[in-house]
Amino acid sequence: MAPETTEPSRASPREAFAGRVAFVTGAGGGMGRQIAADLARAGARVFAADLKDSPGDAVDYRQFDVTDEDRVAGVLGEVFAACGRLDYVVNAAGVGWFDRDGAVAVIDRGVWDRVLEVNLTAAMLVCRHALPLVERTGRGAFVHVASVAGLRNSDDPMDAYQVSKAGLISLSRAVALQYGPLGIRSNTICPGAILTPMIQPLYDAEPARAERMARRTPLRRLGTVADVSSACQFLLSDQAAFVTGVDLVVDGGWTLALP
Amino acid sequence: MSGHTGPSARPAVPGPLLAGRTAVITGGTRGIGRGIAEVLGEAGARVVISGRDADRGRKVADELSAPDAPCRFHRADVRSQPDLESLAQFAADEFGSLDVLVHNAGVYPEVPLAEMSEADWDLVHDTNLKSAFFAFRACLPRLKESPAGRIVFVSSITGPITGYPGLAAYGASKAGMNGFMRTAAIEVAPFGITVNAVAPGSIRTEGLAGLGAQAIEAMEALIPLHRLGDPRDIGGAVLYLASDLASFVTGQSLVVDGGQILPEIPG
């Protein structure tokens, strides 16, 4: 049975991002898809990227592998050529191979390499090729979807995933520090237990798991992709104009108490 | 199951984030507190600001009042539990609810530890930290009645993250505030109330007025965004945490410092 979830009932002002251009990776589903759709709804022109087929939302969709540097550079160049600006970049692409990820002693080298490549290296490539374009735009903001797994270790080891997210957190701070003087901000969101397609197989395999996770969360529910998208809108907006280099934990209090 | 995988529908034209909500802001007549009051009021909240100077408080409340977002002043010394209970009662009487508590009141006298008296220590801790407990206790019954109770503490980077000569008592009080915040968040989560903190860095307030342009420039040079924060920047962070957008965020301290704590060696 699906746990009851609550969608935020209010959103940012409709035109909060009017005239702005956003690039969102991982927009084929889950958090990235919600983030792309909400930015478009808030007035931004959104370019969405994912390896998956387009989910059919009202955004300009490019299907490609974000670990392919030439494609990353090419698509970002097309975005800038089409719009003459790039204001916001959201790195939401990520993989979690929970069935094959594991402890450092046993993890398959190929799994390790691919998880690091998608979750961390791709974000670095996007930053590398987006930063000069945001710089030319004048100012802007980056948000990277990390995880509480990048801050705390799971007792059920998924070492590639958590190392990739810890790396993403460090990458975000590097961008924040190096590009702050140019008016470019960079922050992460660290979601806890959120209902997404990526995590769904775990709940399908063990239906009681969702209920147990909700019960162990102080706010007594799992998070939604809307909770994450709301945090992203805040961090991109001028409401957060003095916020940079932070990691915003969106976990219902999950990491507050000791297990 | 399905349904959660697609983008969720949102109201086509959402109202202001805090329309219909009542917010109480301690120390709301000046500096950061006033900036928070401005931003929450613009987001549609009915606002009650407290302070110790009634003449100043009433004047500021008049300035901040808007037709659809009234602002009222109520005198309170945050070291006094009865004063804070009176403040919570005033908000409920005036506006019919209390949905958001922003505990911002605080003092920051610079006293080197070698010269610090017990009275110095107690003044800072009574005003900054004991007051958090008092304000929490005074507002909790009404926050429980709110559909979206929110508590936001105005902490600091000084104490929880960094140190600063002369601010040992202040830093301890703010670090204590974060410790209080985390357990309070767990205890009131079953009521749907979230408890978070914002941690301002260097903010352009009246307290900096006497420093002079050169000192301000030197401060700005240490901040990656190359400017001081505005009280309204803190208001923006508080607004997010006080709104429905952050209904899954609790027990967090959100740093608002322009990146000042990022470098290993500032500057």
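A residue counts here as buried if 20 or more other C-beta atoms lie within 10 Å of its own, with the C-beta atoms placed from the backbone. Keep that cut-off in mind during this tour, and remember throughout that what you have open is a predicted model.

**The sheet of chain B**

Begin by selecting the strands of chain B, where seven of them form an open sheet with parallel pairing, in the order β3-β2-β1-β4-β5-β6-β7. At the edges you will find β3 (71–75) and β7 (253–256) of chain B, each of which pairs on one side only. If you look along the sheet from one strand to the next, the twist averages 20 degrees.

**Helices that pack on the sheet**

Next select residues 54–64 of chain B, which are helix α2; this helix packs on the sheet and touches β2 (46–51) and β3 of chain B, while its direction makes about 170 degrees with that of β3(B). Then move to helix α7 (residues 231–242) of chain B, which also packs on the sheet, touching β1 (22–26), β4 (100–103), β5 (150–154), β6 and β7 of chain B, and whose direction makes about 155 degrees with that of β5(B).

**Strand β6 and its partners**

Now select residues 194–200 of chain B, the strand β6, which is joined to β7(B) by four bridges, the two strands running parallel. Within this pairing, A197(B) has S253(B) as its bridge partner, and A199(B) has V255(B). Turning to β5(B), you will find that five bridges join this strand to β6(B), again in parallel, and that I151(B) stands opposite V195(B).

Are the residues of β6(B) buried or exposed? Seven of its seven residues are buried, and the strand is mostly covered. T194(B), N196(B), V198(B) and P200(B) point one way from the strand, whereas V195(B), A197(B) and A199(B) point the other way.

**The nonpolar cores**

Finally, show the largest nonpolar core, which has 164 residues, and in which V24(A), V24(B), L40(B), V47(B) and V238(B) touch the most other members. Helix α3 (residues 109–137) of chain A gives the largest share of this core, 13 residues. Centre the view on V24(B), which, leaving aside its neighbours within four places in sequence, is in contact with residues including V48(B), L87(B), L101(B) and C139(B). Apart from this core lies another, of five residues, among them V124(B), L167(B), A169(B) and Y170(B).

Terms used
Residues are numbered from 1 along each chain as its sequence is written. Chains are lettered from A and ligands numbered from 1 in the order in which they are written. This is a predicted model: local features need pLDDT of at least 70, side-chain atom pairs count only at pLDDT 80 or more; totals for chains, interfaces and linings use all residues. Two strands pair if DSSP finds at least two bridges between them. Axes are lines fitted to C-alpha atoms, for helices over the stretch in contact, and angles run from 0 to 180 degrees between N-to-C directions. Two residues are in contact if their C-beta atoms, placed from the backbone, lie within 7 Å. A residue is buried if 20 or more other C-beta atoms lie within 10 Å of its own, exposed if 12 or fewer, and partly exposed in between; C-beta atoms are placed from the backbone. A nonpolar core is a set of buried Ala, Val, Leu, Ile, Met, Phe, Trp, Tyr and Cys residues joined through C-beta atoms within 7 Å.
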